[in-house]
Amino acid sequence: MGSEDVLKNATTLASYSVLLQVMFRVLTFFMNAFTLRFVSKELIGVVNVRLPLGCLWGFVLVCVWWWVLQAPDSQIVPHYVPAVVIFCLAALTELLAEPLWVLAQAHMLIRLKVVSESLAMIAKCLVTVTLVVSVPQWGLYIFSAAQCVYAGFLVLCYIAYFLHFLGSEEAKRKSFPLEQMSELLPSRPVINLKLATLTWSFFKQSLLKQILTEGERYVMTFLNVLNFGDQGVYDVVNNLGSMVPRFLFLPIEESFYVFFAKVLKRGQDIRHQKQEEVFIAANVLECLLKLVLLIGLIITVFGYSYSYLALDIYGGELLSSGTGPTLLRWYSFYVLLLAVNGITECFVFAAMSKEEVDRYNLVMLALSASFLLISYWLTCLFGSVGFILANCCNMALRSLHSFVYIHRYFHHSDHNPLSGLCPHLALMITLTISSILTAFSEYLCFDSGWFLRLAHVAVGAVCLLSVIIVVLLTETRLVQFIRTQLLPKYSKKQT
């Protein structure tokens, strides 16, 4: 498969993944807004902050959650003990689909991911809403049952697809490496030492990334720096703020990691690779950096002035009072760092050799330890905002490491993909003016009735439209890349 074909498949996968994530976030957005009217913020804090950790580590830590950690008040959060076990079983069930997911992702089986995850998420939302309305007294049973339904649907969809697909004419046309489900099971030799060594390196890296990504939840759970109510507010704001990274940035990162891994030769000097493929990879990386940078800048600018209004509409006074708006404002800036780091690490992980991955694991180990310490320290100083500040520091350091690697990687070529991090001057001026106007608009319209709130929204809409127009006029190369590579309808035309 040529580099152009790989790029076409990667962009198609990214496009459909983005659409899939948009649907997920819209569903969960309305489900959460609905659920907040029926359950307490303490229950949300337990479900979304503490219990996923029990799922992650499985049965090993069930006893810790039962007998070591502080249990929530049974009157406010009922059925805590059995819910821990049910969440753990749901996580183990979902792990059964992981090898099939990896196989589908590697061979770009786009429809499988879209259909299976769509059905699973719809089923989960239906179960959650139905039980919240009909039996709200069930408490944690509602969310644990919904998670089991999601895991079950996901596993069944993947198994059903591969039972039908393996050995079919379509699989033969695609030269699929497997012919029957039994080939997914261990066989002799059970372990390929070369692959096992590389897998172990990536496992250590994934473990450290998990700490860096979800480290604040560990600090919340084990050190009790926030009560369950504050944890609930933090989690809702975190989920709301992470909508764009999850439904837009993450699918792009996953899809273009596959592209870079297929086009570039891992661990090989750029001078010894096909220059045509290096040229394509450099151009794609530059355009992706420019794309996520612009999205991050827009979110940072407009997120500052519309955080209070967004939370007030979404969750009412429960979220808009207290630290909620401040959390979301800082999270808007964090999204900018998250966007840039995601794309740069996507490239770095696809280009690194095994030895470089091992060395980077040491860097990740140092970052993980410092992140946990900084999280605890900043949280003691600034409350829940400290977690976001710690994440900003962590993401900035990781981005800096990726910048250095990319600069060295293309040092012996004429390509400079990091130039994608330099937006046009006219665009920066427009964003600065928009930031001033929207901040002034919020000051005038703050909590002054719905008429002035609509005026505040109108000011933001005009400023956003101005920014988009400037982007279309100044970033023509990026616009062309989006039109020809990322939009599904253009991808279909090229197929």
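The protein exposes about 23,800 Å² of surface, and 67% of that comes from carbon and sulfur atoms; these areas are from the Shrake-Rupley method with a 1.4 Å probe. Keep in mind that this is a predicted model, where local features need pLDDT of at least 70 and side-chain atom pairs count only at pLDDT 80 or more, while totals for chains, interfaces and linings use all residues. Residues are numbered from 1 along each chain as its sequence is written, and side-chain values use heavy atoms, without hydrogens and water.

As for the fold, you'll find 20 helices and 0 strands, taken as DSSP runs (H or I, at least four residues, for helices; E, at least two, for strands) numbered from the N terminus. Of the 495 residues, 50% are buried, meaning under 20% relative accessible area.

Now pick out α12 (residues 275-315) and α14 (residues 324-351), which pack at about 170° with axes 7 Å apart. That angle makes the two helices roughly antiparallel, a label for angles over 145 degrees. Their contact involves 20 nonpolar, 7 polar and 1 charged residues.

Beyond its neighbours within four places in sequence, Phe347 contacts Phe260, Leu264, Leu285, Ile406, Tyr409 and Phe410 (contact is heavy atoms within 4.5 Å).

Definitions and conventions
Buried < 20%, exposed > 50% of the residue type's maximum accessible area, 1.4 Å probe, protein only. Axes fitted to C-alpha atoms, helices over the stretch in contact; angles between N-to-C directions. Parallel < 35°, antiparallel > 145°, perpendicular 65-115°, else oblique. Nonpolar A, V, L, I, M, F, W, Y, C, P; charged D, E, K, R; others polar.
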